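Please read it alongside the sequence and the structure.

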Amino acid sequence: RERISEIRNELAELQAKNRQLYEAQLSNTDMVVDQEYINHLKEDMENQIEQVRFELAWLVEFHERGLQKLKDYYLQQVDFERIEVLGFQSDHRVSTFRCAKMSSELQANLARLHELIFAAGEGDGDEEDDDGDDGLGFDGKSTLRGNKTDFGFDGTDNAGSQNTEKPLSGAEQRELRRQQRMLRKAQMQELERAKPSESYEAPEDVEAIANAEATLGNYMLKTSQDYQVPENQRMNAEKKRRQMFLLEESIHAIKTEFNQRVMALRDFRQQVRAEVQRDLQALAEIDEQLGTTTGWVVGILENPPGAPPEFPETRFHLEDADIKAFASKLRGDPEEAPAEDQFDEEDEEEGDDEVDGEVELEEGEEEAGDEPHEETGRKSSLKKGKGPSQPSVPLSGRAALAARRVGRLTLRGKLLQEKSGGDELSQAVNVESQARLRHDKGQLEEHVRQVVDTFNMAVASIEKEKAKLESDLKNAEMKLLVLYEELLTLNELEEKDETLLKKATKCRQDKTSVMHQIKECQDQLSEKKAEIEEWHTQEQNLQAEFTDLVGENSPFLSALLKVYKKKVKRSKRKKGEEEDFDEDEEDEDDEGSDIESDEDEDMEDDDTGPPQGCDHQIYESVIDLRDKRLEMEDALQEIQKAVEGLKQTHKKLLDDERRIDKEQKMTDAEIQQFQTDKQRKLNQVPIVFALRLSQVQCLAPDESDAMERMPAELGQQVIFTNEGLKRLMSRITELHQEIKEVKARHKQLQRDFRVRKKDKNVALQHIEDLHGKFQDIQMLKFGQIVDLDLIERSAPNKYVQELQEKVLQAEAEHRRRIAEWQKRMEKQKKELTKITCDNTSLMEQIVSMGYSQMQLDAALNARIANVTVNDNEPLNELREMERDRCKDLLSLQSKEIATLKAEINLFRKKGGHIYTTVTANRQ
């Protein structure tokens, strides 16, 4: 380095001498001895630099990887580091909670849990209260109104309208009375169905009992032997995990929210620091004018020694000066040595750059000469300051106003002092300016104190709040440990819990399936009942049709009734008889069925025939009605068999339901016992909680001095919240009031029951009076009790009358249509006659034209024979041709003769038809 310095100094002297020459001055290029050697040196230097960089790349990568691993291990899993915010010249300080990030597994579990909670909330919002009376309608009026609407009939209104418009016939009056009886019968059935059973309970009472059982609460101790765990408080491992997840989420949320507030306070501290610094600068200028000092503001913005960094997250944001200082510290150099060495090294590097610049550049000597001076000046300034100077804070607000006022007052004092030379006016102005400056100084000091005190109060408030949060978070962490202990206990019982749960689920599924099958069976029974009623109705209609057919006063009524009621075996053709007999087993069954059918036919033929003098058509109609009746009986037997099968199935399902209910009760009892045992094991887990002394309200008599004192141990005491204790005390008064209200309601219900019972007895008595009056009227009028249903069956049936009217209308319509077709047939016959005449004239023209053609052919042949030579061969050909023409003529004439004969025969017959062959021949 010394040799390089000597050469550099020698070069500098030569360059200075060269610049002093006015003639024969050398340029930079002329001063270069060997340009290729210099280029070689530069290239070699660049290669060496690149080699050094390449060699250091692994070391750089190694340290970067190590730093990144440290970051990942210590800082990647941390949401917030411990950041401490200090007050200004105050003992108050607050720090953030060191908060780790939630693991991905915990976040996934929380996401699923929140989805379940959200779905449960939507389900509760969408559910509707469908509590009803289970189909037992007690509103008789509405039921009757509904039946009237369904029947679409009101006897009074219809009768009145019919009387005003047109008098009713006897059949219509009977039909009207029948419909009225049917309406009353339907109303009675609806009322019977709406009648509650003996074991029926009102829905409002059931709801009130369920609400009371759910809300009154059970204050039995969990450690009691008779304690039963409510269903909504039963715990398993999955529920306990969910509690732990939610608790961890709450802890993380509380820490995060508090840390964000501390971070905001740190940013606010920077703003306060900048504002106070501006005020201190203005205060320093005022002190300079007044010649005073403000001692209490010295070090107000400085942190105490050993204070933690305010921005620990910027620990990896390093500058070159920090790196060089750390390197000097590792080498053990003094504090100022690194700066001097730095400047020496920079001087050497700049000297090398100057030499290279002088060699390469041809022009720009002045620039090359000025740069070293500038760099040297900059270095000297840095050396004097021993480091970068603090940036000046711009004045604003109150500090800016004070600075401007200080400047104006200073300038004013100087001007007056120059003009007057120290007279009384200048002294007064100086006194005034000093007074103003003191006032401004006081305001600035007050503002600084106010800002600093406000910030210190904010730090103190958050510090106090953090103390409370630390207590709550510590309790939450202890609660988390308790939950973990309970989770370990529940994990041991999880297998049995799942087994019992599967068993209970299976019982519920079986019960649901059986109830569904019972409902289907009941629906099928209802359908079969409806079918049976329908068949009975058809049978009654068939009996009425028999009575209408034979007549009540007919002498053959008894004989025909025996024939109608006679049970005969009828042939039943099976489907198998119409199929191919491919299997041997089916052949035997079919032969047996054929034999039975033959016997049935023989028995059918055993009928002796109609009674003597009876109309044979009436007898055949009775036989047809008997066949219909027998078909109805067969259908009813099949329905009865199906009903018996459904009843047996229903009975079996009811037995299964009772068995499942028994199993479900046993399973519920087993689950309840298991939950009790589980609760006992959970009660053995120690629980830690904090109590204030003011919360303990337990005094026991002391044996020594017979005074009430706080017991030494609280193991035999019960812990209640103040709210729970007050609720228990107020519950006594509420129970007395509820007992009074229940007794009053019970008395009112008894009074209502007696009133309703009297009304019922009155209505029953009224019904008996009407029934007796009805019987008396029948006895006075007819001499006996008349069966109205029998009268209806014996009376002319409206249905038969309607059918007869339909038959008459159909016959009239058919007669009208037949007359129309006859008219159309006459018209077509006339058209056919006209067309036949036209065809005959055309055939005659064809025949005449055929004769004319034959004559022309004969004339032409005669001319040809006269012209030709006397050769036999052409003559023979002509004869053959003539013979063919004659054959065609004969066939044509025979067809014409046949057509004429057909037309003659057609005209001879009355209402004859034209055959297809004749029409085809004519065409």
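Lys441 counts as buried, at 12% relative accessibility; buried means under 20% relative accessible area, exposed over 50%, and partly exposed in between (1.4 Å probe, protein chains only). The model is predicted, so local features need pLDDT of at least 70 and side-chain atom pairs count only at pLDDT 80 or more, while totals for chains, interfaces and linings use all residues. Residues are numbered from 1 along each chain as its sequence is written, and side-chain values use heavy atoms, with hydrogens and water left out.

**Salt bridges**

Lys441 forms a salt bridge with Asp287, with 3.1 Å between the closest N and O atoms. This pair links distant parts of the chain, 154 residues apart: Lys441 is in helix H14 (residues 424-492) and Asp287 is in helix H9 (residues 237-290). Asp287 is also buried, at 9% relative accessibility. A salt bridge here is a side-chain nitrogen of Lys or Arg within 4 Å of a carboxyl oxygen of Asp or Glu. By this rule there are 34 salt bridges. Helices (H or I, at least four residues) and strands (E, at least two) are DSSP runs, numbered from the N terminus.

Lys466 and Glu470 are four residues apart in helix H14, which means about one helical turn separates them. Arg885 and Glu882 both lie in helix H22 (residues 872-908), three residues apart, about one turn of the helix.

| Salt bridge | Closest N to O distance |
|---|---|
| Lys441 and Asp287 | 3.1 Å |
| Lys466 and Glu470 | 3.6 Å |

Arg885 is partly exposed at 33%, and Glu882 is partly exposed at 31%.

Salt bridges also form a network that links Arg82, Glu84 and Arg93.

**Surface patches**

Patches are made of residues with over 30% relative accessible area and no salt bridge; like charges are joined within 9 Å, and nonpolar side chains (Val, Leu, Ile, Met, Phe, Trp, Tyr) within 5 Å. Accessible areas come from the Shrake-Rupley method with a 1.4 Å probe, and for residues only the protein chains shown count as cover. Lys and Arg count as positive and Asp and Glu as negative, with His and the chain ends not counted. The place of a charge is taken as NZ of Lys, CZ of Arg, CG of Asp or CD of Glu.

Which residues form the positive surface patch? They are Lys743, Lys747, Arg751, Arg754 and Lys758. Lys747 is placed in helix H19 (residues 722-782) and is exposed, with a relative accessible area of 51%.

A nonpolar surface patch consists of Val52, Leu56, Trp58, Leu59, Val60 and Phe62, which together have about 600 Å² of accessible area. Phe62 belongs to helix H3 (residues 35-74) and is partly exposed at 49% relative accessibility.

**Cysteines and a distant pair**

A disulfide is a pair of cysteine sulfur atoms within 2.5 Å, and by this rule the count is zero. Cys521 is buried, with a relative accessible area of 5%, while Cys837 is partly exposed at 45%.

Arg261 is in helix H9 and is partly exposed, with a relative accessible area of 30%. Its C-alpha atom is 9.0 Å from that of Thr96, although Arg261 and Thr96 are 165 residues apart along the chain.
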